[in-house]
Amino acid sequence: MSHAFSLIARLKSFRYALAGIGELLKSQHNAWVHLGVTVGVVVAAFYFRINQIEWCIVIFAIVIVWVAEALNTALEFLCDHVSSEFHPLIKKSKDVAAGAVLLSAIGAVVIGVIIFGPYIKSLTG
Ligand SMILES: Nc1ncnc2c1ncn2[C@@H]1O[C@H](COP(=O)(O)OP(=O)(O)OP(=O)(O)O)[C@@H](O)[C@H]1O
């Protein structure tokens with residue numbers, strides 16, 4: 001059944017989404033690592049005055065890792081609710097989600113090396 005559009009309902013959804021980000025930061029040590037790396041990368045980007053395209057790519061890489069971590073965390077909560085006992089499918093599910101975080105992080109590191117490498121080289125060269 002479809003409901004009439006409601007601005008209040010949209011604002012509530014936004015509040016729930018912000019609460020989700022809060023939960024991510026509160027409960028996941030990995031998120032603290034992402035936050036530290038994000039701050040470091042943004043500081044470096046300002047320091048090296050990277051260009052507009054480079055900013056877009058760097059922001060995309062940062063966001064992809066945060067999104068992967070958020071989805072991984074959501075899936076972990078769901079898995080823990082479904083089964084607190086060991087289950088081979090819960091294992092597969094959590095491992096695949098963790099793999100997604102790893103893949104995004106590897107991609108972000110590669111992007112970081114490609115974009116910041118030449119700037120760092122020009123400092124030392
Ligand atoms: N109920 C379960 N059944 C089977 N395997 C599980 C179960 N719970 C956890 N595992 C295994 O333990 C691993 C770690 O799960 P856990 O829920 O502790 O994630 P985590 O260490 O908090 O991960 P992250 O660091 O990504 O937050 C999973 O990837 C999975 O291999």
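Arg49 is exposed, with 8 other C-beta atoms within 10 Å. Here a residue is buried if 20 or more other C-beta atoms lie within 10 Å of its own, exposed if 12 or fewer, and partly exposed in between; C-beta atoms are placed from the backbone. This is a predicted model: local features need pLDDT of at least 70, side-chain atom pairs count only at pLDDT 80 or more, and totals for chains, interfaces and linings use all residues. Residues are numbered from 1 along each chain as its sequence is written.

**Arg49 and its loop**
- Arg49 sits in the loop between helix H2 (29-47) and H3.
- Helices (H or I, at least four residues) and strands (E, at least two) are DSSP runs, numbered from the N terminus.
- Arg49 is not a glycine, yet its phi is positive, at about 50 degrees.

**How H3 and H4 pack**
- Two packed helices are described by the angle between their axes and the distance between the axes.
- Helix H3 (residues 52-82) packs with helix H4 (residues 88-124) at an angle of about 170 degrees, and their axes are 9 Å apart.
- That makes H3 roughly antiparallel to H4.
- Axes are lines fitted to C-alpha atoms, for helices over the stretch in contact, and angles run from 0 to 180 degrees between N-to-C directions.
- Angles under 35 degrees count as roughly parallel, over 145 as roughly antiparallel, 65 to 115 as roughly perpendicular and the rest as oblique.
- In the contact of H3 with H4, 20 residues are nonpolar, four are polar and four are charged.
- Ala, Val, Leu, Ile, Met, Phe, Trp, Tyr, Cys and Pro count as nonpolar, Asp, Glu, Lys and Arg as charged, and the others, Gly among them, as polar.

**Around the ligand**
- The residues around the ligand include Asn72, Glu76, His87, Lys91 and Asp95 (C-beta atom, placed from the backbone, within 6 Å).
- H3 and H4 each supply at least two residues of this shell.
- H4 gives the most, with five residues.
- By class, the shell has three nonpolar, five polar and four charged residues.

- Lys91 lies in helix H4.
- Lys91 counts as exposed, with 11 C-beta neighbours inside 10 Å.
- Lys91 and Trp32 are 59 residues apart along the chain, and their C-alpha atoms are separated by 24 Å.
- Ile114 is also found in helix H4.
- Ile114 is exposed, with 11 other C-beta atoms within 10 Å.
- Ile114 and Ser104 are ten residues apart in sequence and 15 Å apart in space, C-alpha to C-alpha.

**What the record lists**
- An unreviewed UniProt entry lists residues 29-48, 55-78 and 98-120 under "transmembrane region".
- Its positions are given in the numbering used here, feature names are shortened, and annotations may be inferred rather than shown by experiment.
- Over residues 55-78 the chain is 100% helix and 0% strand, with end C-alpha atoms 35 Å apart.
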